[in-house]
Amino acid sequence: MKSVLYFRITSSGEQIILTDAPVTPLGLEDLISFEQNSEFKISIQGASIHNPDEPETRKLNISADFSTSHTNQCFALVNSGWLPPIFALPNSLILADRNIISDISKRFRQGELAERDTDQPDFFDFTATFDYKAKISLAPFALEGNSRRIPTRQEVIKQLEEAERKVHEALPKLETIPITPTLVDGIMGVIADSQDYFERRLKFLTSCIHILCNTAGKTRRHNVWKQIAEYADAANLPKTDICVIAAISSATASGSCNPARGILKPKHHYTENDAYNALCDLRLLSLLIHFIHDFPSQKAVLLTKDINLAKFWCGIGTLVTSRQTPLVSCQFKIHPLLFPLDSDSASELQAILEPSEQ
């Protein structure tokens, strides 16, 4: 992924500026490490080196360990992983989670940092001082709505206008995708195309949620997996659907790293409203997958404050394979932290997830 970044490295009094740098996305273990000790490693392949004392530009691969006093409350999800926003947002199309629009509204005022209770700097603060030359899409904000149900056309328009107002008041230089009839038609098209799958996922999740309230121990796993697969079949949902994968991971992963549980939030007396929130989060990942497949030359970035969503995205290792409207076919390379299984258990789960014979 291409970025335009400027690093100043001081060595023996001279400055070197690095530009046009492809930054390698970070993975789940990097995210956990940063969460624990504010450290991460950045790799930049083929960065352009501009030294004021040298006439020619040179290329250099750079790998650097970062230890920072900055927090990272906003996560930029990209193809194959995540990055702190400053490394991902340049020249990007930002797909903004609803919590990002709210954060922008609280964090900034007319392009400057607003007063707040803490002096702790955050990577997202650079948005006020650095021109990323990015565009922000307000479609995810409108897609989710604010009523815990699928929004109508008029509600979509109202939500777009609300998000646009918040962004323009906070960051007037951040370009938004204009609100046009074409944009609204596109959002309504996404809603219509995905409604059948959304309803299948809703049926599946509300049916199986009671068996996800507690992590299944090794002696219960097989039965729980079978029940999840049966609920998926009953909802006519592929057992490799991202929602089914999330349910299995929620029942399988340990409490120390179980982002799927943080997304689904299983509990007794689970309602369709609870399920709607979880499915909107998963739909954000599906939207990012669609952009990666349909617009490979466009650097799409899903920006969210939800660390569970970030961990789950990094942990499922999505590989986009083909397009079958309205869906994109994917393969998942699940991180062992999400599916902590020995070889025998992995074989059992694979057998359960095999497509049913017709």
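Guide: A polar contact is a pair of N or O atoms within 3.5 Å; within protein, one must be able to donate a hydrogen and the other to accept it, and residues adjacent in sequence count only if both atoms are side-chain atoms. This is a predicted model, in which local features need pLDDT of at least 70 and side-chain atom pairs count only at pLDDT 80 or more, while totals for chains, interfaces and linings use all residues. Residues are numbered from 1 along each chain as its sequence is written, and side-chain values use heavy atoms, with hydrogens and water left out.

Visitor: With which side chain does the side chain of T176 make a polar contact?
Guide: T176 belongs to strand β11, residues 175-176, where strands (E, at least two residues) and helices (H or I, at least four) are DSSP runs numbered from the N terminus. Contact means heavy atoms within 4.5 Å, and beyond four places in sequence T176 touches I136, L138, E164, V167 and H168. The polar contact, at 3.2 Å, joins the side chain of T176 to that of H168.

Visitor: Why is T176 called buried?
Guide: Buried means under 20% relative accessible area, exposed over 50%, and partly exposed in between (1.4 Å probe, protein chains only). T176 counts as buried because its relative accessible area is 8%.

Visitor: Which residue of β12 is the bridge partner of F75?
Guide: In strand β5, residues 75-78, F75 and L77 point one way and A76 and V78 the other, and all are buried. Two strands pair if DSSP finds at least two bridges between them, and β5 is joined to the antiparallel strand β12, residues 300-304, by 3 bridges. Within β12, the partner of F75 is T304.

Visitor: Which residue takes a positive phi in the hairpin of β5 and β6?
Guide: Strand β6, residues 81-83, pairs with β5 in the antiparallel sense over 3 bridges, and A76 stands opposite L83 there. The hairpin has 2 residues between its strands, and the residue with a positive phi, near 85°, is S80.

Visitor: How many residues of helix α8 are buried?
Guide: Helix α8 covers residues 242-252 and is largely enclosed by the rest of the structure. Among the buried residues of α8 are I242, C243 and T252, and the count of buried residues is 11 of the 11.
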